[in-house]
Amino acid sequence: MADNDRSVSRRRFIRSAIAGGAGVASANDLFRAATRGGQSDAVASDRLITLHVNGQPRRVDALKQETLAWTLRYKLGLTGTKLGCDRAECGACTVLIDNVPHYSCSVLTHTTRGKKIVTIEGLAAPDGTLHPVQQGVLDEQGFQCAFCMSGFIMAAVGFLKTNPTPTRSELAHRISGNLCRCQDYDKILTAIMRGAEHMRRT
Ligand code: FES
Ligand code: FES
């Protein structure tokens, strides 16, 4: 394959990962899916609820003790939301609930009834145009393995709705609840600051 083709393919792959968090999974996810998958078989009427996810009503059978991260990933197939620590420490599972960033691993699914949930899959426009923050990440190639990327983007989008003109240190402070195992913080901040510029223009 010619060098040019290779770089175009890599760019396409990165773009799809930014848009939907695809292409990155953890062994932890596979282990948990194997050990807990059987719990979703039985259907009880009080567990059947409607969630509003990415602008659409989604009917789902959710256990009372089930977390939103689990429901999104394993019931609704929205695997762009990552599960890292599963105990409110890393931010990989961050989604917006009524425009506020939340760790979805620490929110019970049933408590989100009637609320608007947005995941990384819901940020881009219907025609595929990336959200300005996603575009900033694409422009600056801000992540390495990108496992943490969805969480950072969702945390940043939520913050920038409240402060569209942050300083770099304000941004760093407000997304400090998100951790990157690749320690790519400087590039992440640069990418999100670029995204903030795009947001102001749009
Ligand atoms: S997986 Fe939710 S905070 Fe780490
Ligand atoms: S880029 Fe690898 S965990 Fe953040």
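Where is asparagine 99 found? Select it and look: asparagine 99 is in the loop between β3 and β4.

**Before you click**

This is a predicted model, in which local features need pLDDT of at least 70, side-chain atom pairs count only at pLDDT 80 or more, and totals for chains, interfaces and linings use all residues. Residues are numbered from 1 along each chain as its sequence is written, chains are lettered from A and ligands numbered from 1 in the order in which they are written, and side-chain values use heavy atoms, with hydrogens and water left out.

**The whole chain**

Colour by pLDDT to start (the predictor's confidence in each residue, from 0 to 100). The protein chain averages 88, and 79% of the residues score at least 70. Now select residues 23-31, where the pLDDT is below 50; beyond near neighbours in sequence, this stretch has eleven contacts in the model. Contact here means heavy atoms within 4.5 Å.

Switch to cartoon and you get seven helices and five strands. These are DSSP runs numbered from the N terminus: H or I with at least four residues for helices, E with at least two for strands. Along the sequence the order is α-α-β-β-α-β-β-β-α-α-α-α. Of the 202 residues, 44% count as buried. Buried means under 20% relative accessible area, exposed means over 50%, and partly exposed is in between (1.4 Å probe, protein chains only). Among contacts with a separation of 6 or more, 62% join residues 24 or more positions apart.

**Stop 1: the β3-β4 loop**

Zoom to the loop between β3 (94-97) and β4 (100-103), where aspartate 98 lies. Aspartate 98 has a positive phi of about 50° although it is not a glycine. Asparagine 99 has a positive phi too, about 75°, and is not a glycine either. For background, most residues other than glycine have a negative phi. Aspartate 98 is partly exposed at 41% relative accessible area, and asparagine 99 is partly exposed at 46%.

**Stop 2: helix α3**

Select residues 68-75. Six of the eight residues of α3 are buried, so this helix is largely enclosed by the rest of the structure. The buried ones are Leu68, Ala69, Trp70, Thr71, Leu72 and Arg73. Just after α3, click on glycine 77, which has a positive phi of about 75°.

**Stop 3: α4 against α5**

Show α4 (residues 132-140) with α5 (residues 149-162): they pack at about 130°, with their axes 9 Å apart. The axes are lines fitted to C-alpha atoms, for helices over the stretch in contact, and angles run from 0 to 180 degrees between N-to-C directions. The pair is therefore oblique; under 35 degrees counts as roughly parallel, over 145 as roughly antiparallel, 65 to 115 as roughly perpendicular and the rest as oblique.

Nonpolar covers Ala, Val, Leu, Ile, Met, Phe, Trp, Tyr, Cys and Pro; charged covers Asp, Glu, Lys and Arg; the others, Gly among them, are polar.

Which residues of α4 are buried? They are Pro132, Val133, Gln134, Gly136, Val137 and Leu138. Just past the helix, glutamine 141 has a positive phi of about 50°.

**Stop 4: bring in α7**

On the α7 side, the contact with α4 uses Thr190, Ala191, Arg194, Gly195, His198 and Met199. By class, that contact has five nonpolar, five polar and three charged residues.

Next, hide α4. Helices α5 and α7 pack at about 45°, with axes 11 Å apart. Phe152, Ala156 and Leu160 of α5 touch Tyr185, Ile188, Ile192, Ala196 and Met199 of α7. This contact has eight nonpolar, no polar and no charged residues.

**Last stop: isoleucine 175**

Finish in the loop between α6 (168-174) and α7, the place of isoleucine 175. Buried or exposed, at 4% relative accessibility? Isoleucine 175 counts as buried. Leaving out residues up to four places away in sequence, isoleucine 175 touches Phe152, Ala155, Ala156, Leu189 and Ile192.
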